[in-house]
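Please open the model in your viewer and keep the selection tool at hand.

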2 protein chains.
Amino acid sequence: MQKVHTYLKKEYPRFLEELKGYLSFPSVSAQGNKKEIQKCAQWLLAHCRGIGLSATLHKTDGNPVLVATTRIGAAMRTEKKPHFIVYGHYDVQPPEPLELWKTPPFVPTIRAGKLFARGASDNKGQHFAHLKAVEAYFKTKTLLPCDISFVIEGEEEVGSANLALFLRKNKKILTADGVIISDTTMPALNTPAITYALRGIAALEITLRGADRDVHSGSYGGSIENPAMALSHLLATLRDKKTGRILVRGFYDGVSTLTKAERKVLHSEPENDPAYYRDFLKVPCLFGEKGFSHIEQTTIRPTMEINGLASGYQGVGSKTIVPASAHAKLTMRLVPHQKPSAVIATVRRHLIAHCPKSVTLEIKRGHGTEPYLFEPTSNAARAATRAIERVFGASPRFIREGGSIPVVTDFKKILGLDCLLIGLALPDDNAHSPNEKFELANFKRGMTLGAELWQELSEI
Amino acid sequence: MQKVHTYLKKEYPRFLEELKGYLSFPSVSAQGNKKEIQKCAQWLLAHCRGIGLSATLHKTDGNPVLVATTRIGAAMRTEKKPHFIVYGHYDVQPPEPLELWKTPPFVPTIRAGKLFARGASDNKGQHFAHLKAVEAYFKTKTLLPCDISFVIEGEEEVGSANLALFLRKNKKILTADGVIISDTTMPALNTPAITYALRGIAALEITLRGADRDVHSGSYGGSIENPAMALSHLLATLRDKKTGRILVRGFYDGVSTLTKAERKVLHSEPENDPAYYRDFLKVPCLFGEKGFSHIEQTTIRPTMEINGLASGYQGVGSKTIVPASAHAKLTMRLVPHQKPSAVIATVRRHLIAHCPKSVTLEIKRGHGTEPYLFEPTSNAARAATRAIERVFGASPRFIREGGSIPVVTDFKKILGLDCLLIGLALPDDNAHSPNEKFELANFKRGMTLGAELWQELSEI
């Protein structure tokens, strides 16, 4: 193992340049730039092959899935090693609004020990650390105590719509003992964590239409519905102004409640201080569902957010029109035991019931993912704990996270595999925000952890 | 006069090409492209000089104002002819959304007797017809019974902020007997009109801010205000969902009511049929302030419209964020005797009172124009009626219009001049909408009317 660690240290400058290369692809899945996505996938394919992995790009109806495995040639059939999957995604969130980036999102730039780029921590940097750990085993001819298959997809940021089918089709090569995912956060730089719960998600888009074109607000204003006003009225019916509760009938059906003891654990950590949290987000005050703390609101409670609004003229100055249409993008975060399709159906019913007749309503259903909750006391969790303690010099905290990783549910349902979620990102890494970054310290520790993990996991 | 009419007929193909050239400048004042605005103004300057007018571009703090007059040399001082001002504007509305134009907005294109381009009817085509009428007098050496000064400005679509100061500074050269403006509509192709009332306008922009950046809706959603949701709640307080009444305290203060007889006149015309109107706008149904017809709602009642909404991610697919901010552009249309500043103040008070504490509120005041109402039985109106009857073979209808022309109030206040509003645009000309057009028949009749008008007006 010493050879592995020495290799990781020695080759680090090259790894950093490689990661920068990987981050320079604008592989934004939401914007459907197939050419850039393909380029990024091809780069990753070549890179995995260069490491010594047996790598293939699997076509899907959407973006390709990369599988890169240590099971090569004869070894694949004869050895009876444990087999783990490392999941990641090479697609990234849209970089907009571009004007808020200090350096361009696809020109990776290092400032004060942090690597800034879209995808730096979500998720290219995190799974790249695992790839480098395996490279170190290979290049130093150190025996890997297990087999590892990387499954790196290109549609995580748009709901992993094609991954379930991919998993079903490739069950044979994906028979394994567990899945490791580094795509979550740790509370602070020296506070590692294992995430044992994730929220689900359900997305939809609303369009209200009035006149068949934008019309002059002087000539026609006042005599026909203004779709932007109708949208405001409609959206306002979704959430109580004062209590923050979602007013959609049935929205909270089946939502699990926590015991007092569990709620107490949620609040025991210093980072959970509301004043610290408020200052971190720079909001005038915290606001959420009444009766729950901000930690609960973002982990054990379902929520509904408007992700985008658009109507009429948005440029500089004024354009005196009644807009023809108004649009809103909504996502709901779900907790056990909510189902995306049931939640979508209740919201849909609500929207139809509350939409004024003076406009037409179009609802487009988006992606959906079920919430996830797993056993934090499993053997795998204990093995990961030991590896984490060795690398970070601290025990991992077991946390619930507010985000969603669609594939976690798919791995469980289709392959019967639990996911070990060991995040290397920090809360201030600006995932999904301008100026996304990855701490270089965590890139290094991620590689070391990747190396240690296989030793521990193979012994359970 | 026969020479004048023959000239207009003979030179028409050239006039059309010239108008196309004029329309090819993207002189969008709202978007502040100074270079294109300047190019357009320079083109107009050269064109007026070519006609034989004495033309100057007057600098302002914004876009230049063109003055082109028939008062040349010695004539300016010695003759005692009547003097009229023709007002127009060479700036145009923003062309967006571009994808809805059948042909590009600044590539003027003729289809079925209509000239399509941004600015075709609002307002380049209309004042260009008047210019051509004067050209016909000059080139045929026909004696003009009056002097005419064209005042063509470049900021009408953004509220004519610098025109009042220009009028004040140039009172001397603008001493006149009346103003003629062709920047309104006529009810139908064979139904000419004189507009005797205009609504005023008051504009403002609202910005709500939450976190100092877009943040991950999974990690933070539910614990902080969503500015897009707060904006929906805030905007929803402005108008009653069912009655369409504006709920801002004091909004309707001072609004004049009409007599029963006046209201009856408003409804007597065939184009005022609600079914026709609904079909024209292709709306599911009409909607406006309860107790008033659509004609009243767009002429004698004040209104409030959302002209634009923007927040978060608006591209294809989804971006799971809580947006940092949300924006709305509002304009109110005012009727006698509302004042823009008083209305802005009431709306401002309302917004401040209703904005949740979980976001910060910024209100930016936009342009304002007072409503206008003039005497439809004046000598000038009667003279214009005779000219219109000769050209259109029909008497003009006297109408109120819902739009606003800021300068009309300025001409009255600063120069003491009444404006004669003789519109050549049609309701379906798509002013402020994609596929703006100008009927070539009205371009021709506009030129003829321009020629006849001076004969009649000079005799009163």
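The stops that follow go from the sheet to the contact between the chains, then to a pair of helices and some backbone details.

This is a predicted model, in which local features need pLDDT of at least 70 and side-chain atom pairs count only at pLDDT 80 or more, while totals for chains, interfaces and linings use all residues. Residues are numbered from 1 along each chain as its sequence is written, and chains are lettered from A and ligands numbered from 1 in the order in which they are written.

**The sheet**

Helices (H or I, at least four residues) and strands (E, at least two) are DSSP runs numbered from the N terminus, and two strands pair if DSSP finds at least two bridges between them.

Now select β11 (residues 303–312) of chain A, which runs antiparallel to β11(B) and is joined to it by five bridges; here A:Leu309 stands opposite B:Ser311. β11(A) also pairs with β13 (residues 325–334) of chain A, in the antiparallel sense and over eight bridges, and in that pairing A:Ile306 has A:Leu330 as its bridge partner.

**The contact between the chains**

How many residues does the contact take from chain B and from chain A? The contact takes 85 residues from chain B and 85 residues from chain A, two residues being in contact if their C-beta atoms, placed from the backbone, lie within 7 Å. On the side of chain B that touches chain A, the largest share, nine residues, comes from β11(B).

**Two helices of chain B**

Next select α5 (residues 120–139) and α14 (residues 440–457) of chain B, whose axes come within 8 Å and cross at roughly 50°. That angle makes α5(B) oblique to α14(B), since angles under 35 degrees count as roughly parallel, over 145 as roughly antiparallel, 65 to 115 as roughly perpendicular and the rest as oblique. Among the residues of α5(B) that meet α14(B) are B:Gly125, B:Ala129 and B:Ala133, and those of α14(B) include B:Phe443 and B:Gly450.

**Backbone details**

Select A:Asp122 and A:Asn123, which are joined by a cis peptide bond with omega about 10°; A:Asn123 has its place in helix α5 of chain A. Another cis peptide bond, with omega about 5°, joins B:Pro336 and B:His337, and B:His337 lies in the loop between β13 and α11 (340–354) of chain B.

Finish at A:Ala112, in the loop between β4 (109–111) and β5 (114–116) of chain A, where phi is near 50°, a positive value in a residue other than glycine. A:Ala112 counts as exposed because it has 8 C-beta neighbours inside 10 Å; a residue is buried with 20 or more other C-beta atoms within 10 Å of its own, exposed with 12 or fewer, and partly exposed in between.

Conventions:
Axes fitted to C-alpha atoms, helices over the stretch in contact; angles between N-to-C directions.
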